[in-house]
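Here is a short briefing to read alongside the model. Have a look at the structure first, and then we can walk through it by topic.

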Amino acid sequence: MTDILSAIMIAGLTTGALYALATIALSLVWGSMGMLNMAHGALLTLGGYAAYMVSTSLGLPAPVGFVGAVIIGAIAGGLLYAVIVRNMFGNDKSTFESNVMIATVGVGIALENAILLTFGGQPLKQPVSVAGSFSISGIGIPYQSLLIMLVVVVMMAGVALLLGRTRMGRAIRATAQNREAAQLMGVGVNRVYFQVLVLSGALAGACGVMVSSLTQLSPPLGNDPMLKAFIMCVVAGLGNLPGAVAAAFGLAMLEAFVQYSLGARWGFPSLLFVVIAVLIWRPTGFFGRAQINRM
């Protein structure tokens, strides 16, 4: 029984780390821009395939493949802002949220189909991974799970330091609190939004590599993590980064225990039940506030 509980805990923590990274990237964009990036899942997929290309076609080491995925994700996020978001933000602000959501849905579908045409629909093995496991007190821990948790912790700490200790982070937080006031204080809002999408894209690229290392590479790879990241954003309160991390780990553990107790098919419905309950009893999320100032 102890072995079973340990395996469930390890699986829950590993999945929670991935959910947390995906959720931070999605919540960061919403909290600072008031924008729901529906292309987020496609950016995850792009990161996974970028690492695959760097490691297989170029024959470079796995760490270089991971860095390549982060860079490609950041570039894709920057292009998304320059080509789509910036032009829409310059139009009617009252329709920005709905328009950009529809536009990013189109971008996500186009990117997923481009990946399908380029690599085909056959699942591929992610070469950026670590095989084997080690044992602590008789509990087997896969190296890949440990590596994922360590990388995610480092990346989350990096995001926290960037937002809390740097000039760029202060500009992002100021813009998220009040865009007009930030502009009056000399903050370049367009630059901030560009930086936010670049950072979100980099996190999505990294997350795509780690998700595909546990499963397989396929064009719809990012759809499931994006949907679950959105669920966790809703449960935490849209735009709340610390709450998003707590919700990601909590719901991942819940999903792991439900899948063991009732079967794998009940894992996702259990998350939907939590979302429905939260929307009924606390519409702003567990960590949300009734009034949130955005943009």
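**A nonpolar patch, and what to know about the model**

Val67, Ile71, Ile72, Ile75, Leu79 and Val83 make a nonpolar surface patch of about 520 Å². Patches here are made of residues with over 30% relative accessible area and no salt bridge, with nonpolar side chains (Val, Leu, Ile, Met, Phe, Trp, Tyr) joined within 5 Å and like charges within 9 Å; areas come from the Shrake-Rupley method with a 1.4 Å probe, and for residues only the protein chains shown count as cover. Leucine 79 lies in helix α3 (residues 62-89); helices are DSSP runs of H or I, at least four residues, and strands are runs of E, at least two, numbered from the N terminus.

This is a predicted model, in which local features need pLDDT of at least 70 and side-chain atom pairs count only at pLDDT 80 or more, while totals for chains, interfaces and linings use all residues. Residues are numbered from 1 along each chain as its sequence is written, and side-chain values use heavy atoms, leaving out hydrogens and water.

**Confidence**
- The protein chain has a mean pLDDT (the predictor's confidence in each residue, from 0 to 100) of 87, and 95% of its residues reach 70 or more.
- Over residues 290-295 the pLDDT is below 50, yet this stretch has 19 contacts (heavy atoms within 4.5 Å) beyond near neighbours in sequence.

**Salt bridges**
- There are 3 salt bridges, each a side-chain nitrogen of Lys or Arg within 4 Å of a carboxyl oxygen of Asp or Glu.
- Aspartate 224 pairs with lysine 228 at 3.4 Å between the closest N and O atoms; they are 4 residues apart in helix α9 (residues 223-236), so about one helical turn separates them.
- Glutamate 255 also bridges to lysine 228 (2.7 Å, N to O), linking helix α10 (residues 241-262) to helix α9 across 27 residues.
- Shared partners join Asp224, Lys228 and Glu255 into one network.
- Lysine 228 is buried at 7% relative accessibility (buried means under 20% relative accessible area, exposed over 50%, partly exposed in between; 1.4 Å probe, protein chains only), and glutamate 255 is buried at 3%.
- Arginine 179 and glutamate 180 form a salt bridge as well (3.0 Å, N to O).

**Serine 200**
- Serine 200, in helix α8 (residues 189-214), is buried at 2% relative accessibility.
- Leaving aside neighbours within four places in sequence, serine 200 contacts Ala25, Val29 and His40.
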